[in-house]
Amino acid sequence: MKTFKKDYINKALKELKFNELTDVQKKVIPFLEKKRDIIVEANTGTGKTHAFLLPIFESLDEESHEVQAVILAPTRELAKQIQDFAMGIAVHSKKPITIDLYVGGVDKKDILHRIKKRMPQIVIGTPGRIIDLVVKENVLKVHTAKYFIIDEADMTLDKNFIEEMSPILDVLNKTAVKAVFSATIPQYLRPFLRKYLENPETINVHPQDVSSLNIKHFFIKTREQKRFNTLQKMIQTINPYLAIIFCNTKESSEEVFAWMKEQKKSVVLIHGGLEYRKRKQLMKRIDKLEFQYIVATDIISRGIDIVGISHIINYELPKNIEFYIHRTGRTGRVDFDGMALSLYEFSDNSYVDRLEKKGIKSKYKDIVNNELVDAVVRNQRKNRERKENQLDRDAKLIVRKPKKVKPGYKKKNKERLEKEIKKMARKRR
């Protein structure tokens, strides 16, 4: 185990029972200690947070009351979790360390009063609030920061925040170390990274191949109008320790939550439309295992550690396959087994094929007499491919290439083709 110069860091690691650094920590910490800019692609749950927190504390000047590190996170929950991890280290220091959390949903007057009274040494927050305090209010002075960390960058720096982030990065000291962490780096982020990171080292750490996790992936066929019926059968079949039911939108999550309440289930709802204080209270109750089911959007599919999740239910498959991996990665952690159950329709078959190419071994199941049984899959793939090919051919007869080709026509044509295939698939059931 690596030994750090500061005794309080070593004490914290001992109390946290860190016997060995994870792969991502072993690779990231040396670069941050050498003051190198880095781009880190690593799965959720690999120890990314401590990979950047430990070097921050090692270089922290406890006597200097100015901003020394800025950490951005996509959601209030993840920002709060990072603060909790940081406090778990800072509490062992004999000298006080100020770690402030700046997120939406908190009284702005209180935040401004606190900052004017004294600058925090470590700043953690969501991009909207940090931009507000640094650029609009001009009260949070980040030009002294030694580290600027962006966690879960593909969510934190969505297209709305990239341009707004520029004024903050422009005022940073040229010697500030910039580190970007994400499970994936989308194409739209790359120009931003090239502009603001100086000769960055790219680190890829994916130690847990999705196929090696302790998760069973089951797909259960349904139809749009029978989705609740299938969900009801599923819930009657499993008896989860704690299950998350993922939905794609706030509206569908509210519908599922209301239906679960009608079924007299111990259930809680989490989505971005809830007031922050309410979400914070509910997360505390979830940690105390007061519920058996969580109905949620993708707000908790990344970064948030919830202990004891035995089942993941995809009421709706996420459009982005990476989010399927993030969702199901909430279960099957450490030495525990997990089960991922997904409702799918005929039009989702190619989606399942793409998952299998990523190493996810899936099985098709039916629910019979409150038991999960293997679905009848005789010649399933051949029949499926034949039907899909025929649908594709038929749809192309309807959706033809336009006579006048305009910019972006390929994307629009593809979308129209996909819609037509789905419509024809429903008619032929």
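Asp132 has a relative accessibility of 11%, which counts as buried; buried here means under 20% relative accessible area, exposed over 50%, and partly exposed in between, with a 1.4 Å probe and protein chains only. This is a predicted model, in which local features need pLDDT of at least 70 and side-chain atom pairs count only at pLDDT 80 or more, while totals for chains, interfaces and linings use all residues. Side-chain values use heavy atoms, with hydrogens and water left out, and residues are numbered from 1 along each chain as its sequence is written.

Back to Asp132. Its side chain meets that of Arg129 in a salt bridge, at 3.8 Å from N to O. By salt bridge I mean a side-chain nitrogen of Lys or Arg within 4 Å of a carboxyl oxygen of Asp or Glu. Arg129 is buried as well, at 13% relative accessibility. Helices (H or I, at least four residues) and strands (E, at least two) are DSSP runs, numbered from the N terminus. Arg129 and Asp132 also belong to a network of salt bridges with Lys108 and Glu137.

Next, Arg227 and Glu345. Their closest N and O atoms are 2.8 Å apart, in a salt bridge. Arg227 lies in helix 10 and Glu345 in the loop between strand 13 and helix 14, so the pair ties together parts 118 residues apart in sequence. Both residues are buried.

Last, Arg114 and Asp100 form a salt bridge at 3.6 Å, N to O. Arg114 is in helix 5 and Asp100 in strand 3, so this pair joins parts 14 residues apart in sequence. Asp100 is buried at 4%, whereas Arg114 is partly exposed at 28%.

In total, the structure holds 19 salt bridges.
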